Amino acid sequence: MARKIALTNQKGGVGKTTAALGLAGGLTRRGKRVLLVDLDAQGNASASLGLIIGADGRTVKDLLAEGGNPSDYLVATGEGDVLPANNALKDIEPFLHRDDGVRRLKKLLAPLERSYDFMLYDCPPSINVFTRSALAAADEVIVPVEVGFFAILGLKQLLEEIEGIRKEYNRALKLRGVLLSKFDRRTVLSDQILQVLRDDLGERLLRTAIRVNVDLVKAQIAQKSIFDYSPRSAGTEDFWALTEEILNG
Ligand SMILES: Nc1ncnc2c1ncn2[C@@H]1O[C@H](COP(=O)(O)OP(=O)(O)O)[C@@H](O)[C@H]1O
Ligand SMILES: [Mg+2]
């Protein structure tokens with residue numbers, strides 16, 4: 001059965017999509033079968049994999065709207081299979097607010113759980129119905145945070161929100177960890193913040209931090225995996241380390 005991991009933070013630009021792509025790439029290269037579910041109407045994960053889906057293309061929105069066999073909506077890539085998203089995702093949002101809409105994604109993807117080792121959910125930058133759907137479907141949540149003072153302030157509130165969603169929809173959900181993204185060890189601020197986070201979070205702070213590395217940005221622009229774009233970069237090194245940490249439990 002697949003391990004299902006949501007990458008969640010209500011802030012934009014904190015490294016959710018980069019972490020989803022890095023993990024998908026690392027896990028795939030370790031021979032794991034990976035499904036990446038793009039739940040952001042901006043479709044950044046899809047676009048970074050070269051999947052720019054036009055208005056008439058099939059996306060996660062169509063699966064949510066029409067149901068049916070989820071395999072029909074997937075695209076195979078070198079980084080695993082992808083359930084892509086585009087701007088059309090917004091259209092379905094009001095419908096998911098009704099009835100059991102938050103549990104719909106989990107139900108629709110359940111038939112795929114035996115076909116993958118990992119299912120990764122890249123969440124949008126808000127706690128909307130898609131983030132709730134991902135947290136209802138996942139076993140584990142990783143919270144990428146950009147190292148900075150406001151990140152710490154927002155984190156406590158976010159962890160409380162996740163706890164609320166856990167109680168309402170998915171008691172099995174575990175916080176796998178907080179992931180420091182865009183980490184820069186050279187700044188004093190980073191060291192101080194790291195200490196605060198370590199004291200606060202203990203085991204819930206992932207050992208791997210993702211350092212600031214411009215190659216991660218360039219790889220996304222080139223629509224390539226960091227592992228192929230710049231195999232010797234800090235980004236590749238850090239996402240190998242994160243892959244190992246996740247594989248080890
Ligand atoms: N470790 C990093 N070093 C440098 N740039 C990064 C790093 N992680 C992410 N970025 C860049 O920051 C921007 C936001 O990251 P992204 O993963 O899209 O965040 P989110 O999905 O949370 O909105 C992107 O342009 C991305 O390439
Ligand atoms: Mg994103």
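## Ligand surroundings

Helices (H or I, at least four residues) and strands (E, at least two) are DSSP runs, numbered from the N terminus. This is a predicted model, in which local features need pLDDT of at least 70 and side-chain atom pairs count only at pLDDT 80 or more, while totals for chains, interfaces and linings use all residues. Residues are numbered from 1 along each chain as its sequence is written, and chains are lettered from A and ligands numbered from 1 in the order in which they are written.

Ligand 1 is surrounded by 18 residues, of which the closest are Gly 15, Lys 16, Thr 17, Thr 18 and Val 217; a residue is near a molecule if its C-beta atom, placed from the backbone, lies within 6 Å of it. Two or more residues of this shell come from each of α1 (16-29), β7 (174-183) and α9 (214-221), and α9 gives the most, with four residues.

## Packing of two helices

The axes of α1 and α11 (residues 234-247), which are lines fitted to C-alpha atoms over the stretch in contact, with angles running from 0 to 180 degrees between N-to-C directions, come within 9 Å and cross at roughly 70°. Therefore α1 is roughly perpendicular to α11, a term that covers 65 to 115 degrees. In this contact (C-beta atoms, placed from the backbone, within 7 Å), α1 contributes Gly 22, Leu 23, Gly 25, Gly 26 and Leu 27, and α11 contributes Phe 239, Trp 240, Leu 242, Thr 243 and Ile 246.

## Contacts of Tyr 121

Leaving aside neighbours within four places in sequence, Tyr 121 is in contact with Ala 6, Leu 7, Val 37, Leu 39, Ala 134, Ala 137 and Ala 138.

Notes
Parallel < 35°, antiparallel > 145°, perpendicular 65-115°, else oblique. Contact = placed C-beta atoms within 7 Å.
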